[in-house]
Amino acid sequence: MKLWPTLQEMWFGEDASRAGGGHSAAAQSEGAARRLPEDALILIPMRNAVLFPGVMSPITVGRAASVAAAQEAVKRELPVGFLLQRDPQQGEVEPADLHWVGTAGPIVRYITGPEGTHHLVVQGQSRFRVLEFLEGWPFLVARVAMVEQAQAEGPEIEARFLQLREQAVEAIGLLPQVPDELADVVRGIDSPGSLTDMVSNFIDVKNEEKQDILETFDLVQRLDKVMALLSGRIEVLKLSKQIGEKTRAHFDERQREHVLREQLRQIQKELGEGDDTAAEAEELQRAIDTAGMPEEVLKHAQKELKRLQRMGEGGGEYSMLRTYLEWLTELPWKLAPQQPIDIGEARRVLDEDHFGLTKIKRRILEYLAVRKLNPEGKSPILCFAGPPGVGKTSLGQSIARATGRVFQRVALGGVHDEAEVRGHRRTYIGALPGNIIQSMRRAGTTNTVLMLDEIDKLGAGGFHGDPASALLEVLDPEQNHRFRDNYLAVDFDLSRVMFICTANVLDTIPGPLRDRMEIIQLPGYTEEEKIEIARRYLVRRQIEANGLKPEQAGLTDAALAGIVRDYTREAGVRNLEREIGATLRRVAMQVAEGQAQSVTVDAPDLPAILGPQRFENELALRTSMPGVATGLAWTPVGGDILFIEASKVPGSGRLILTGQLGDVMKESAQAALTLAKTWTGDALEKLDIHVHVPAGATPKDGPSAGVAMFLALLSLLAGKPVRADVAMTGEVSLRGLVLPIGGVKEKTLAALRAGIRTVMLPRRNEKDLDDVPAEAREKLEFVWLDRVEDAVRCAIGDLEPAGAREAA
């Protein structure tokens, strides 16, 4: 049986059949070696569509095999068979993955899109059944048998045909925005088979049902199936129209935007849906009832819940309103039960976690004692100020453990948006509460220690608002019991939260905000304190971090002292822990390689592990010549020593200042030079004085280097060096008075770290000596200065001023 030539003659004419599918002579010679059998079709699988005879339809192809099949068919002017996939999600298909009955027809138009897409316009012409798939082609090819449409007649077919046409016209009348010409087209169809195929193509049913109609070759059965499906769709369309009419009766012209929402609600009601929405509302109602909200908040939550129930799940604000109610129900509104306070246990926990820090521990224990006597008292708002690595953040965790509270941390470094503190208003898409309320939700209780970390690094206020100003309400005990987040729009009580802030410097914190906090300074640790901290905490932590056991590794006290003295120079212990970690990593390597079962690192082993010592005592080298003095400076990362170098060269009496000095420090240098000229009685008209402060890349400012500058200049002019083991700080006046300065503890510890033995301080700073650790006071000699004469006598020796020498 040769169906193929017959089909070619039917679709393309008798000449195309004799020409081998319409090839040109050149194309025919190229494809002569590989020609389709006469009863074979090129096939294209379709994922989500069924093509019917007599229907022209656009199709998009994307798979490589489908694109190749379409291009080959267009090139040879051959018809194509279209088969429905059983699984539309499957990429590469095999014969078993396809239905074996489809529709064949020519590709009327082939269009390539700008993004590489391929679009076809195909004309379905006749049904076919696959007999056998052929192999060896880059696309699907199969031998097929065409199914001719029988020209059946009779009263049964005529009656079904008329009934189907009436149903089709009725369905068109129920569809919105359908042109009237479509009904005329349906009335003009006089073939029962063509009508069933056209109605089946446009009816809104599943592809499996359409495929079943395509595979029904008997015309009577096909008419019955299409009429049954169309009857069901007509009922749905009638019901939809009734729902639309009921909905429109409840709304006027000003409420047209709610029509779709009400239609959806009516549809859900007719279909028995909406149970999930009701369940969500009931769940939210239970959560509201059990949340323990204050009466004002409870009324607000009930009002918003009623709005949610009226809105319906399809409402534009439904998800936002539901999220808002979830936030309200998950916040800790109930007062947490008070735990019994054991001050002895709290002292034990603080001592176990931190060494030293006596003042802070005493303040925490005082708070616990007051809370024990007055449970309704307000929580303190503390601010730990000190250089990095002194344990400010870890101290907050220890306070939470000692007080039996939940610990939460909010990082404020770089925050420049007020909404990060106070939340976004719900008018914005993606709005959320601020970090304060989010922390309360995570904690699940107001019995919380909330650490506001790096409060000195808040961003400057701008068009986003000022976060520092927003914190004023949070950190004010007289206001934070009614804290109002922009997102919640209701009051929340923060008075039971224990706020702890941390900062490196206080100068960058706005005055009103600083005024609300109790400042506790953590200036730094002495060498003995660092060794003890390393012995108690750091070594053990690094042994665990490097996978070692306590019996496998250890460091002697001499090794710890060597690391502190020769490899670190800091106020805290952060770099110390890094160096201990580097030492223990070398031990871990030896243990892992089997070189040793246990290794104890001593001081002589450090150079081989950490390299040559990084810090050495350069005081004797620096101050062994006239014109050099050792000053003391305060920095955000702790105290430090500062060398003041002075030199004289022939000139015109100028003062040259280098080393990135600030305006205040330049004025101190000018005052010190005037005082030195007065002391020596030399106008220096033929000399230029050059004062340099090394580490020129670091900006320096402040008045406390006045004494050091004066002694460096006097040493230069008198030709006598300043003692190498003496460091000094203090502001000088033109009358020779030594004025008080700040940062005494930091500067004193810096002098001790640098190997200084004598520290000269203003007499009016004598009261600040109580803040200096006892170990430092025992190792240092303090000289108290009223006038610059006291500094000269201690640092240079007997050197009388010019006025005194003339009088003598």
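Biologist: How many of the residues of the protein chain count as buried?

Modeller: Of the 808 residues of the protein chain, 48% count as buried. Buried means under 20% relative accessible area, exposed means over 50%, and partly exposed lies in between, with a 1.4 Å probe and protein chains only. The model is predicted: local features need pLDDT of at least 70, side-chain atom pairs count only at pLDDT 80 or more, and totals for chains, interfaces and linings use all residues. Residues are numbered from 1 along each chain as its sequence is written, and side-chain values use heavy atoms, with hydrogens and water left out.

Biologist: Why does isoleucine 157 count as buried?

Modeller: Its relative accessibility is 8%, so isoleucine 157 counts as buried. This residue is found in helix α5 (residues 155-174). Isoleucine 157 and valine 220 are 63 residues apart in sequence, and their C-alpha atoms are 6.3 Å apart in space.

Biologist: How many helices and strands does the protein chain have?

Modeller: Helices (H or I, at least four residues) and strands (E, at least two) are DSSP runs, numbered from the N terminus. The protein chain has 31 helices and 26 strands.

Biologist: What is a nonpolar core, and which residues have the most contacts inside the largest one?

Modeller: In soluble globular proteins, nonpolar side chains tend to be buried together. A nonpolar core is a set of buried Ala, Val, Leu, Ile, Met, Phe, Trp, Tyr and Cys residues joined through side-chain atoms within 4.5 Å. The largest here has 52 residues, and Phe384, Ile399 and Ile580 have the most contacts inside it. Helix α21 (residues 527-545) gives the largest share of this core, seven residues. Apart from it lies another core, of 51 residues, including Leu452 and Val497.

Biologist: How is the angle between two helices read, and at what angle do α21 and α23 pack?

Modeller: Axes are lines fitted to C-alpha atoms, for helices over the stretch in contact, and angles run from 0 to 180 degrees between N-to-C directions. Angles under 35 degrees count as roughly parallel, over 145 as roughly antiparallel, 65 to 115 as roughly perpendicular and the rest as oblique. α21 and α23 pack at about 50°, with their axes 10 Å apart, and are therefore oblique to each other. Among the residues in this contact are Leu538 of α21 and Ile580 of α23.

Biologist: At what angle do helix α14 and helix α16 cross?

Modeller: The axes of α14 (residues 343-353) and α16 (residues 392-403) come within 8 Å and cross at roughly 155°. The two helices are therefore roughly antiparallel to each other. Ile399 of α16 is one of the residues that make the contact, as is Val349 of α14.

Biologist: Is helix α22 mostly covered or mostly exposed?

Modeller: Helix α22 (residues 557-567) is mostly covered, with eight of its 11 residues buried. Among the buried ones are Leu560, Ile563 and Asp566. What covers the buried residues of α22 includes α21, β16 (553-555), α23 (574-592), β17 (599-601) and α24 (606-610).

Methods. Contact = heavy atoms within 4.5 Å.
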